[in-house]
Amino acid sequence: MIKNIISTILLIFWTSLIFGQNIARVENVKIQSKVLNQERDILIYTPADYDWRTNEFFNVIYVFDSQNREFFDYTSSIISFLTDGN
């Protein structure tokens with residue numbers, strides 16, 4: 001019985017290592033707006049392997065009116081889905 005439980009736990013752990021995914025990064029950068037006279041947030045999404053792909057160019061997408069985090073998350077999810085495996 002204990003042998004089966006240990007085998008199951010090891011199988012789950014091993015499977016998660018094999019099929020684990022790298023996670024993209026989202027950075028929050030703050031800038032001071034002189035026109036609005038307030039601090040604004042900029043969200044920057046970078047792919048999971050961005051740091052290792054140093055000799056490549058990446059497309060840039062600007063999401064306007066993304067003060068609602070849902071717009072940014074929706075757009076970055078679509079990008080991640082469309083470029084998965086590339």
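The model is predicted: local features need pLDDT of at least 70, side-chain atom pairs count only at pLDDT 80 or more, and totals for chains, interfaces and linings use all residues. Residues are numbered from 1 along each chain as its sequence is written, and side-chain values use heavy atoms, without hydrogens and water.

**Exercise 1.** Give the order of the elements in the protein chain.

Solution. Helices (H or I, at least four residues) and strands (E, at least two) are DSSP runs, numbered from the N terminus. The protein chain has two helices and two strands. Read from the N terminus, their order is α-β-β-α.

**Exercise 2.** Decide whether Thr46 is buried or exposed, and find its contacts beyond four places in sequence.

Solution. Thr46 lies in strand 2, residues 38-46. Buried means under 20% relative accessible area, exposed over 50%, partly exposed in between (1.4 Å probe, protein chains only). Thr46 has 7%, so Thr46 is buried. With neighbours within four places left aside, Thr46 is in contact (heavy atoms within 4.5 Å) with Ala24 and Arg25.

**Exercise 3.** Classify Ile42 by its relative accessibility.

Solution. Ile42 is also placed in strand 2. Its relative accessibility is 35%, so Ile42 counts as partly exposed.
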